[in-house]
Amino acid sequence: MTHANFSMIHIKAQRGFLLITSVVLIVIAVLLLTVMVFMGVTGDESSVEHSRSGQALFVAESGLERALRGFTTGTACASLSYTGNIGPGSFSTMGTLFAPAAVNLAANIATP
């Protein structure tokens, strides 16, 4: 084997290695791009859901404050039923009558 033949074999082997390396790098780049796009989309959805949950909390607290105001001004518990719209949401409260049952307590202490 002459030096020229050895050089040609060595160059062909390097070309095959470069092809494999470039394919692997392209696959890694595509995977990274896919992950970045997925994170961007889910990040937007997450911030929208966070905003909606804040709005829902505000609407629920508004309904609770409305019922509490009715209770503090003398409205009977059974009549604390309200519905209303606040911004993009709505609330409804339902008053009830609470009649606690009588409870009998008894205790025994055993002496040694």
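Q: Helices are DSSP runs (H or I) of at least four residues, and strands are DSSP runs (E) of at least two; how many helices and strands does the chain come to?
A: In this predicted model, the chain comes to one helix and two strands. From the N terminus on, the elements run α-β-β.

Q: What makes E1 and E2 a pair of strands?
A: Pairing requires at least two bridges found by DSSP. Strand E1 (residues 82–86) and strand E2 (residues 89–93) have five bridges between them, so they count as paired, and the sense is antiparallel. Among the facing residues, glycine 84 has phenylalanine 91 as its bridge partner in E2, and isoleucine 86 stands opposite glycine 89.

Q: What lies between the strands of the hairpin of E1 and E2?
A: Two residues lie between the strands, and in this hairpin glycine 87 takes a positive phi near 55°.

Q: Why is arginine 66 said to lie over the face of tyrosine 82?
A: The cut-off for distance is 6 Å from CZ of Arg to the ring centre, with a further limit of 35 degrees from the ring normal. Arginine 66 is at 3.9 Å from the ring centre of tyrosine 82 and lies over its face, so the pair qualifies.

Q: Which residues does tyrosine 82 contact, leaving aside its neighbours within four places in sequence?
A: Tyrosine 82 is in contact with Arg66, Ala67, Gly70, Thr75, Phe91, Ser92 and Thr93.

Q: How many aromatic pairs does the rule give?
A: The count is zero. A pair needs ring centres within 6.5 Å.

Q: What makes up the largest nonpolar core?
A: Five residues make it up: Val59, Ala67, Leu80, Tyr82 and Phe91.

Q: How much of the chain counts as buried?
A: Of its 112 residues, 10% count as buried. The chain exposes about 9900 Å², and carbon and sulfur atoms supply 69% of that area.

Note on methods: Residues are numbered from 1 along each chain as its sequence is written. This is a predicted model: local features need pLDDT of at least 70, side-chain atom pairs count only at pLDDT 80 or more; totals for chains, interfaces and linings use all residues. Side-chain values use heavy atoms; hydrogens and water are left out. Rings of Phe, Tyr and Trp (its six-membered ring) pair if their centres lie within 6.5 Å; planes under 30 degrees apart count as stacked, over 60 as edge-to-face and the rest as tilted. A nonpolar core is a set of buried Ala, Val, Leu, Ile, Met, Phe, Trp, Tyr and Cys residues joined through side-chain atoms within 4.5 Å. Buried means under 20% relative accessible area, exposed over 50%, partly exposed in between (1.4 Å probe, protein chains only). Contact means heavy atoms within 4.5 Å. Accessible areas come from the Shrake-Rupley method with a 1.4 Å probe; for residues, only the protein chains shown count as cover.
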